[in-house]
Amino acid sequence: MNTYPSQDHWFPVTQVRKLKKNKPLAVAYYGQSVVLFRDGNKIHALKDQCPHRGVPLSTGCLKQGALECPYHGWTFNGQGQLTSIPGDPHFRAPKHAFIDTYAVCEAHGLIWLSLNQVKHNPPFIPQVHASHIYSTQTGIIEANCVDIAENFLDALHTHTVHTGIIRNNSPKRHACHATITHHANGYQAEYIEEKKQTGLVSRLFGSHIIKGIGRIHASGILELEYYSKKGIALSVVIYLVPETDKKTKLIVRTYAFGHHYLNYLKMWAMFPFQYIAFIQDKRILETQQNALNNNADFKPMITGTDLMRPYIIKAFQNDIQPTHREKQLLL
Ligand code: FES
Ligand SMILES: [Fe+2]
């Protein structure tokens, strides 16, 4: 199974504020270890391994904009060139790079990398970023990013995994009409429920919600949107950062709408519930990944209720086709 989005995109690897001026930072990306560091206003990304004896350069330090290996003190500049070997009186800096470099850029408070050196297009940023205040949380789930994307876009686990918080697990369910369509960068499912969600979060914060949308973008970005009669009321953007095929970092941004201070208070009041739901999902996804690790031949069974699974895989393969599918669910 392809568990990564296609590599023809920019991917955010961390928040800009996590990269300090005087300290290199290790990040992982598609199974590769990368070190980020600043040289003045510029950010550089190099393979995180000293070519001398293989020590991670992220464990070293910065000296005048160059990265110093903690073992024998070799230094490297942002182009991956060796700039000094302490103790060699005849050292002359060679022109060629000793270390692989990656295209790196900064956009919307995030640092983005590209393995394919996609320098022509800026990173894709969901529309919601344009004008709204948000709060950012990060987390790690030791699971592949296809299963994580599916989990965030799936309604039918909420009764059992998030019992009482998102939905009650009672045999009495109500009808929901789901419509799956394509968009420029992926696919989305729109859910219109006959009744309100039965859980605590809906009773406390969501009595005005009439419609939900879950969206996947080809580069591994998820959007969850909740609408009231007046328009969008809450939005969550989740950046999936595939560190390896079994470990994914999540950068989660929650957006409040409107200018009323109550909207921001509401957003903050929701965080404990969001956190509990995250821990519940993390637990089930890591249990699932552990079981998959022990059974490489397992083929998941896809039914009509697994609305988004096929579209997540298509989106990750950059395969965006005109789509319109309708399905009734019981939620
Ligand atoms: S291992 Fe890096 S300088 Fe020797
Ligand atoms: Fe969940």
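This is a predicted model: local features need pLDDT of at least 70, side-chain atom pairs count only at pLDDT 80 or more; totals for chains, interfaces and linings use all residues.
Into which domains is the chain divided? Select residues 11–114 for domain 1 and 127–330 for domain 2.

**Stop 1**

Where they touch, 10 residues of domain 1 are in contact with 11 residues of domain 2. On the domain 1 side, select strand 1 (11–15) and strand 2 (25–29), each of which supplies at least two of the touching residues. Strand 1 gives the largest share of that side, with four residues. Colouring this side by residue class shows seven nonpolar residues, three polar ones and no charged ones.

**Stop 1: the sheet that holds strand 1**

Together they form an open sheet of three strands in the order 1-10-9, and the pairing is antiparallel. Which strands stand at the edges? They are strand 1 and strand 9 (103–107). Each has a single partner strand, so one side of each is left without a neighbour in the sheet. From one strand to the next, the twist averages 30°.

Now zoom in on strand 9 and strand 10 (residues 110–114). This antiparallel pair is joined over five bridges. To see one position in the pairing, select A107 and look across to L110 in strand 10, which stands opposite.

**Stop 2: helix 1 against helix 4**

Move on to residues 145–153, helix 1, and residues 261–293, helix 4. Their axes come within 11 Å and cross at roughly 145°. The crossing of helix 1 past helix 4 is right-handed. For the contact itself, show side chains for D147, I148 and N151 on helix 1, then for D281, L285 and Q288 on helix 4. By class, this contact has two nonpolar, two polar and two charged residues.

**Stop 3: D297**

Follow the chain out of helix 4 to D297, which lies in the loop between helix 4 and helix 5 (309–316).

Conventions:
Residues are numbered from 1 along each chain as its sequence is written. Chains are lettered from A and ligands numbered from 1 in the order in which they are written. Axes are lines fitted to C-alpha atoms, for helices over the stretch in contact, and angles run from 0 to 180 degrees between N-to-C directions. A crossing is left-handed if the near helix is turned anticlockwise from the far one by less than a right angle, and right-handed if clockwise. Two residues are in contact if their C-beta atoms, placed from the backbone, lie within 7 Å. Ala, Val, Leu, Ile, Met, Phe, Trp, Tyr, Cys and Pro count as nonpolar, Asp, Glu, Lys and Arg as charged, and the others, Gly among them, as polar. Domain bounds come from an automatic or database domain assignment. Two strands pair if DSSP finds at least two bridges between them.
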